[in-house]
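Dear colleague,

Please find the structure below for your review.

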Amino acid sequence: MNVITNNNLKCTTALALLHDVYDPEIGLNVVDLGLIYQIDFDEDNANIICTMTLTTQFCPMGESITNNVTSMLQAGFTGYTINVNLTFSPPWNYEMISEEGKIFLGR
Amino acid sequence: MFITGINNTTTKTTTWKVVLPFYLYAALSFLAATILLFISSNKFLIHYFQPNTLAITHIMALGWGTMIILGASHQLVPVIVEGKLYSNILAYISFILAGIGIPLLVYSLYIFSFGATAKIGGSLILTALLAFVINLALSITQSKSQNIHATFVFTSTLWLFITAFLGVLLVFNFSSSVLSQDSVYYLPLHAHLGIIGWFLLLIIGVGSRLIPMFLISKYVNEKLLRIIYYLINISLLSFIVIFFIPAFNKYLFVCYTILFIGIMLFLYYCIQAHKQRIRKKVDEQMKISLLSVIMMLVPLLPLFIIIFLLTFSAQSNIHLLLLYGFLIFFGWITAIILGMTFKTLPFIVWNKVYHIQSANGKTPNPKDLFNNQLFIAMSICYLCGIFSFVLGILFALILLLQIGAALLIATAFLYNYNVAKILLHKPIKL
């Protein structure tokens, strides 16, 4: 699934960082799982706005996953404020899993 | 635009402080029940209505099955009803009252005394369940989403409350006649309300949500789940009618056939969810949970033979009745709990310990919080124990009953060890 962004270069770095944030139950990273919808960079205010979802609303691991996304982006982009926005519109579905993710789950 | 709107709904779930005491209580109850089963093995050759079997049944139904389901429900309510748990305080009240009431009731059953202790115990349990019903009802009411899973869970909780209410009436009926017949007469009704109304409906409601979720399955079939919901409730309601109008006894077969169709449709639902799963590798915990779906069918065999005998020869078979009860509590319900404990508890504790740390390979995986080798050993002990005890009941062999019970004690020890290992987990950095 393509992630929407206003800065392709920095988005690539951000996604590389988020490849190390895993859904602990599934064991797959949040990028390949298709949880990341959009990452925008507000250079004037040094803000990063990451819009993402969870596999299910009120997911018991939700808080942990969003905390990990925040800390990972914070570690990679020092000086920026990280805002993680959760959205359930559209809701996550299995079609959002990347091909790499499907291969991982199919093993 | 891909994103149609931002929803800032928080995803905070029920605090671990509410949930973990239920798990600990249930684990210890399971151990107590298996020890009592071993001590009472010889009683399984006589009759089902006696102090030891009543005590074991109630430890299993209340201390083990109901307590762990209440604990897991407090955690899973947000996932099922898609809304927050209404009140943590009501959850604590449920735990404390049930936690005190269950041993009082079980002890009274064990010594076969239905005085003040039994009445207080039963009333405490009933109040605990009332607190849970209110908590669940208010959680569903404040949730924006209504779904079939929530309907299953809420209906099952109402049946649980009715079961407990009848149970308390039966306790009072032993000392003062509050019912038209003696308490023993109402036992089949009490048992059916609890087994079908509470356990079966709840397990289907929660299972139909969690099984596809854990398997990451494409399969969704709300219409089928609605049909299953109506079939099971119609079956139970018709059983109640037949119970109070004995002239309709000949239709008991119809009532169980409806139930059988409902269960078979749920089996079909699980098979489809399994077939259409994205996640191909199924872990051991899910395998045991899926096995419990098949084990749901096993008690139906002795049940149908019992109904056949009752309908056509008016005879009841003590061994088959004992077998049916054993397969329900130690077979089906225990199998699903053994599997689901290790699909839920490690995540609750992991969330408690590591939720503010970065995942990035610096923390252990939730699955590393328990010993998987011991989990497999537990599963083997469990299956061998069930098999041996079932043969012991069927062939009236005390040695097989004792071997089966001993293996179930080993199962309970291994289960308790792994539960304690998870609960006592301290943060480690890798």
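**Backbone geometry**

Phe112(B) counts as partly exposed, because 13 C-beta neighbours lie inside 10 Å (buried means 20 or more other C-beta atoms within 10 Å of the residue's own, exposed 12 or fewer, and partly exposed in between, with C-beta atoms placed from the backbone). The model is a predicted one, in which local features need pLDDT of at least 70 and side-chain atom pairs count only at pLDDT 80 or more, while totals for chains, interfaces and linings use all residues. Residues are numbered from 1 along each chain as its sequence is written, and chains are lettered from A and ligands numbered from 1 in the order in which they are written.

Phe112(B) has a positive phi near 55° and sits in the loop between α3 (88-110) and α4 (116-142) of chain B; helices (H or I, at least four residues) and strands (E, at least two) are DSSP runs, numbered from the N terminus. Ile216(B), also not a glycine, has a positive phi of about 50°. Ile216(B) counts as buried, because it has 23 C-beta neighbours inside 10 Å. In chain A, the peptide bond from Ser89(A) to Pro90(A) is cis, with omega near 5°.

**The sheet of chain A**

Four strands form an open sheet in the order β1-β2-β3-β4, with mixed pairing (strands pair if DSSP finds at least two bridges between them). β1 (4-5) and β4 stand at the edges with a single partner strand each, so one side of each lacks a neighbour in the sheet. β3 (residues 47-52) and β4(A) pair in the parallel sense over 6 bridges, and Ile49(A) has Asn83(A) as its bridge partner in β4(A).

With kind regards
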